[in-house]
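Please walk me through this structure, starting with its open space and then turning to the backbone, the helix packing and a few chain contacts.

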Amino acid sequence: MTMCRRWLCVLALLLAVALQPTAGGAVQAAVPPVFLVRIQGGIGPATAAEVKRSLQRAAQEHAQLVVLEMDTPGGLDNAMRDIVQDILASPVPVAGYVAPSGARAASAGTYLLYACHVAAMAPATNLGAATPVEIGMPGTGGGRAPAAPPTGAASAPAEHDDTMAAKRVNDASAYLRSLAQLRGRNAAWAEQAVRESVSLAANEALARKVIDLVATDTADLLRQLDGRELTPGNPGAVAVKLATAGATVVRIEADWRARLLGVISDPGLALILMMIGVYGLLFEFMNPGFIAPGVIGGVALLLALWALQMMPINYAGVGLILLGLAFFAAEAFVPSYGALGLGGVTAFAFGALLLIDSDVPGFGIPLSLIAVLTLISAAFVIGVARMAVKARARPARAGLQRMVGATAEVLEFGGGEGWALVDGERWRITATQPLQPGQQVRVSRAEGLTLHVGPVLGSSSTEASPA
């Protein structure tokens with residue numbers, strides 16, 4: 001009996017030792033993960049879609065925190081507001097983190113940082129310059145109105161521009177100030193960042209309570225956030241206590257659709273795709289039956305149109321580009337010796353310049369790309385014009401006119417008429433001089449099915465002329 005008890009105690013001890021790591025592993029696995037989402041480059045529709053997908057996935061997998069690691073010069077207002085709305089409605093707390101060192105959260109990035117539950121920056125980073133820029137109307141300034149209103153006939157358009165600029169600035173200022181009040185951050189500096197385009201370094205932002213903390217890297221950020229209570233979603237929700245010190249970090253990578261959307265959303269690539277599409281279709285129409293140029297051109301043109309419909313395009317620029325491409329097509333089918341082509345090159349160049357406002361961070365078309373595409377279009381026009389000139393100077397290759405200047409061999413001749421062999425075919429000929437069979441003659445003109453010929457200088461007849 002005593003032996004049985006001893007064995008039971010040993011088995012109980014072994015079972016406890018065996019179950020101890022399992023229990024510890026269960027506790028370890030019970031700590032919710034932290035999701036890390038990278039925002040880099042211009043903020044556009046692709047960025048908004050990726051952030052939305054990541055926040056939804058974090059909610060589904062019960063993550064305790066989402067870290068938006070940012071390095072952005074700004075971007076589109078609509079995309080920025082979509083991301084802000086997703087952050088405010090997220091059931092998972094969101095921490096904005098400007099990193100790595102040397103990164104920035106300028107313009108639209110400042111709004112995102114203010115919207116996050118926690119705002120953090122790495123050393124040697126900056127934020128600010130949040131003044132809105134008007135999109136789609138190059139040449140109009142955004143920001144402050146002049147000190148004194150202009151007078152005279154031009155005062156009405158100037159006052160209209162100043163009014164629109166003031167509306168944009170006031171709307172952006174109120175928006176950023178409301179985010180600052182929601183998160184308990186410096187609302188006065190938020191308004192200054194919009195109205196005066198000021199910026200702050202990381203340590204200055206921390207001192208002025210624009211951000212919550214400065215962290216050297218993601219691990220340091222999670223250590224500082226450990227134990228902090230955050231309220232996700234709408235105000236009034238239950239606060240969540242973070243346990244991020246030893247949490248697993250899950251980096252969210254963009255899926256193929258987001259990567260494709262991000263690549264095509266580049267304005268320069270959209271312009272290149274448009275040119276490939278037009279030239280592919282043009283080549284197919286000029287040479288029916290090749291198929292490949294038409295297929296490639298159609299796909300490229302549809303992708304370009306899909307990309308452009310997501311961007312803040314200027315319709316005047318689109319109209320000029322389409323007019324220029326129409327002139328290119330007209331030059332190919334109705335040669336004007338370069339007149340239509342020159343007009344097309346000019347219209348295309350101005351349209352590309354006006355297509356998207358280059359002041360929008362990350363969404364401008366480089367001047368070098370516009371210059372290269374313009375030169376390619378000019379080379380196309382010059383090539384078509386040269387081919388038209390050569391084709392006009394080239395002798396006819398079809399019909400009776402192609403016979404003019406050809407050499408023939410006389411088969412028989414008498415009474416001013418006869419037959420000759422031209423390019424292996426028998427033709428009726430007529431001449432004002434007597435000809436001999438075998439003599440070489442040259443066609444001077446063609447009338448109906450009769451060729452007018454004359455002897456070739458230096459040719460000899462096979463028979464002597466009668467005395």
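In this predicted model, the largest pocket has a volume of about 570 Å³. Its lining is made up of 23 residues, and those closest to the centre of the pocket are Gln40, Gly42, Ala46, Thr47 and Gly262. Four elements each give at least two residues to the lining: strand S1 (34–40), helix H2 (45–60), strand S11 (249–252) and helix H9 (256–264). Of the lining, the largest share comes from H2, with 5 residues. Sorted by class, the lining residues are 10 nonpolar, 7 polar and 6 charged. Rolling a probe the size of a water molecule over the atoms is what shows where empty space is left.

The backbone has a few local features to note. The peptide bond that runs from Ala99 to Pro100 is cis, and its omega is near 0°. Pro100 belongs to the loop that joins strand S3 (94–98) to strand S4 (104–106).

Positive phi values come next. Ala124 is a residue other than glycine, yet its phi is positive, near 65°. Ala124 sits in the loop between strand S5 (118–121) and strand S6 (126–128). Is Ala124 buried or exposed? The cut-off for exposed is over 50% relative accessible area, and Ala124 has 62% relative accessibility, so it counts as exposed.

Ser197 is not a glycine either, and its phi is positive at about 55°. This serine, Ser197, is in the loop between helix H6 (187–196) and strand S7 (199–201). With a relative accessible area of 36%, Ser197 is partly exposed, because that class covers values between the 20% limit for buried and the 50% limit for exposed.

The next topic is helix packing. Two packed helices are described by the angle between their axes and by the distance between the axes. Helix H10 (residues 267–286) packs with helix H11 (residues 292–308) at an angle of about 150°, and their axes are 7 Å apart. Angles over 145 degrees count as roughly antiparallel, and H10 and H11 are therefore roughly antiparallel to each other. The crossing of this pair, H10 and H11, is left-handed.

H10 also packs with helix H12 (residues 315–333), here at an angle of about 25° and with the axes 11 Å apart. How are H10 and H12 oriented, roughly parallel or roughly antiparallel? The limit for roughly parallel is under 35 degrees, so H10 and H12 are roughly parallel to each other. Their crossing, that of H10 and H12, is right-handed.

Thr430 is part of strand S14 (residues 425–430). At 19% relative accessibility Thr430 counts as buried, because the class takes in values under 20%. Which separation is found between the C-alpha atoms of Thr430 and Glu417? These two residues, Thr430 and Glu417, are 13 residues apart along the chain, and their C-alpha atoms are separated by 4.4 Å.

Leu435 and Gly418 are 17 residues apart along the chain, with 9.0 Å between their C-alpha atoms.

Technical notes: Residues are numbered from 1 along each chain as its sequence is written. This is a predicted model: local features need pLDDT of at least 70, side-chain atom pairs count only at pLDDT 80 or more; totals for chains, interfaces and linings use all residues. Side-chain values use heavy atoms; hydrogens and water are left out. On a 1 Å grid over the protein atoms alone, a cavity is a set of points where a 1.4 Å probe fits but cannot get out, and a pocket is an open set with protein on both sides within 12 Å along at least five of seven lines; lining residues have an atom within 4 Å of a point. Grid points are joined across faces, edges and corners, and a volume is the space filled by probe spheres set on the points. Ala, Val, Leu, Ile, Met, Phe, Trp, Tyr, Cys and Pro count as nonpolar, Asp, Glu, Lys and Arg as charged, and the others, Gly among them, as polar. Buried means under 20% relative accessible area, exposed over 50%, partly exposed in between (1.4 Å probe, protein chains only). Axes are lines fitted to C-alpha atoms, for helices over the stretch in contact, and angles run from 0 to 180 degrees between N-to-C directions. Angles under 35 degrees count as roughly parallel, over 145 as roughly antiparallel, 65 to 115 as roughly perpendicular and the rest as oblique. A crossing is left-handed if the near helix is turned anticlockwise from the far one by less than a right angle, and right-handed if clockwise.
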